[in-house]
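This report describes selected helices, cores and ligand contacts of one protein structure. Please keep the sequence and the 3D structure in view while reading.

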Amino acid sequence: MSKPIVVSGIRPTGYLHLGNYFGAVRNFIRMQDDYTCYFFIADIHSLTTHPTPTNLQAGVKQVLAEYLACGIDPEKSTIFIQSDVPEVSELYAFLNMNAYLGELERTTSFKDKARKNPENVNAGLLTYPVLMAADIIIHKAKFVPVGKDQEQNLEMARKFAGRFNRMYNHELFPIPQPFTFDGGDMIKVPGLDGSGKMGKSEGNAINLYEDPASIRKKVMRAVTDAGPTTPNSEKPEPVQNLFTLLKIVSTPDVVAHYEEAYNNCSIRYGDLKKQLAEEIIAYTEPIRNRIIEILKDEAYLAKVAQMGAEKARASAQATLNEVKSLIGFKRLF
Ligand code: TYM
């Protein structure tokens with residue numbers, strides 16, 4: 001029996017951080033044996049906010065090295081660069097004809113980005129979920145491992161896939177599902193600034209590539225409060241965030257120790273932060289060392305990208321041929 005198909009991607013706008021890792025990449029690694037996986041670098045998507053080429057090449061290379069350093073195996077999974085597969089852009093053009101202004105304008109991520117960057121509300125930003133749908137359905141993916149922040153984009157992809165099937169009266173595309181292990185919730189990794197998610201542009205992230213001294217510094221500076229004064233009180237958001245991070249990188253007994261200290265008001269945030277920093281370092285340091293090694297090997301990176309492009313194109317071309325024939329494109333001359 002053939003394995004279910006999985007697609008996911010990351011924008012190359014900076015280093016991968018703990019949110020990317022625990023929200024997405026760790027799942028990619030765990031899925032490689034049981035699924036047919038396509039993992040890509042969303043360089044076209046990154047143009048919606050980073051339109052100039054200054055950092056494009058470096059960013060793409062960095063994410064490629066980081067994927068490999070995290071343990072994505074190019075022999076098992078297809079790792080590729082979005083722009084190496086022009087079929088995706090062609091499908092994006094077709095899907096755009098069946099995507100409506102109202103539904104695109106209502107997307108939370110569009111509204112957020114438009115508010116934060118009013119001078120660059122471009123059409124690519126508006127149709128971002130359409131390109132994302134093309135990424136996913138061009139390989140007929142059944143599952144998409146992403147963090148909680150991508151939930152709405154994925155909902156749009158489901159809508160566009162279903163709409164295409166209905167319009168052309170053919171069950172061409174599976175309706176893609178968000179993927180989490182054990183039926184758990186989609187993950188949201190919090191930032192160190194006391195509110196919201198960890199993100200590249202929020203300035204609250206710890207990168208996989210970060211050196212230990214910088215990790216210690218960032219964690220020690222994380223926002224907390226004056227400490228609990230009544231036993232078993234509810235944690236304010238900044239403190240809860242530190243516990244959430246600790247839970248992600250540490251073991252249950254360590255978390256239980258600090259929970260107890262919080263509940264009986266003996267907690268010292270300095271201790272909690274030191275522990276958190278060391279646990280993060282234990283996680284990231286081996287990955288960081290591998291990133292440094294892999295980045296030196298240009299020939300290997302080029303080989304991986306080329307191999308991935310060939311495999312991804314073969315799959316994309318097959319779907320695009322079906323799409324074009326359903327829409328009614330025929331060779332006239
Ligand atoms: P991007 O580049 O913002 O993030 C890449 C992946 O990391 C996850 N992530 C998080 N998960 C949990 N907590 C966080 N704080 C956190 N921050 C980031 C994201 O959910 C994502 O899985 N639109 C996508 C890229 C994309 C894509 C696709 C993904 C383009 N086409 C097709 C899946 C399928 C994005 O901007 O992710």
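Helix α9 covers residues 151-167, which is 17 residues, and spans 24 Å from its first C-alpha to its last, close to the expected 24 Å. The expected span is 1.5 Å times one less than the number of residues in the helix. Helices are DSSP runs (H or I, at least four residues) numbered from the N terminus. The model is predicted: local features need pLDDT of at least 70, side-chain atom pairs count only at pLDDT 80 or more, and totals for chains, interfaces and linings use all residues. Residues are numbered from 1 along each chain as its sequence is written, and side-chain values use heavy atoms, with hydrogens and water left out.

Among the buried residues of α9 are Leu 154, Met 156, Phe 160 and Phe 164. Buried means under 20% relative accessible area, exposed over 50%, and partly exposed in between (1.4 Å probe, protein chains only). Just after α9, Asn 169 adopts a positive phi of about 55°.

Helix α8 (residues 128-137) is largely enclosed by the rest of the structure, because ten of its ten residues are buried. They include Tyr 128, Val 130 and Asp 135. Val 130 also has its C-alpha 10.0 Å from that of Met 97, although the two are 33 residues apart along the chain. Met 97 lies in the loop between α4 (86-96) and α5 (101-105). Is Met 97 buried or exposed? With 61% relative accessibility, Met 97 counts as exposed.

The largest nonpolar core contains 61 residues, and Val 25 and Tyr 67 have the most contacts inside it. Such a core is a set of buried Ala, Val, Leu, Ile, Met, Phe, Trp, Tyr and Cys residues joined through side-chain atoms within 4.5 Å. Helix α13 (residues 269-295) gives the most to this core, with ten residues. A second, separate core of 41 residues includes Phe 80, Val 85, Ile 136 and Met 186.

The ligand is surrounded by 27 residues, the closest being Arg 11, Tyr 128, Asp 135, Asp 149 and Val 189. A residue counts as near when one of its heavy atoms lies within 4 Å.

| Residue | Ligand atom | Distance |
|---|---|---|
| Asn 20 | oxygen | 3.1 Å |
| Asp 135 | nitrogen | 2.7 Å |
| Gln 150 | nitrogen | 3.0 Å |

The protein covers 98% of the 710 Å² of accessible area that the ligand has on its own. Accessible areas come from the Shrake-Rupley method with a 1.4 Å probe.

Conventions:
Helices (H or I, at least four residues) and strands (E, at least two) are DSSP runs, numbered from the N terminus. A polar contact is a pair of N or O atoms within 3.5 Å; within protein, one must be able to donate a hydrogen and the other to accept it, and residues adjacent in sequence count only if both atoms are side-chain atoms.
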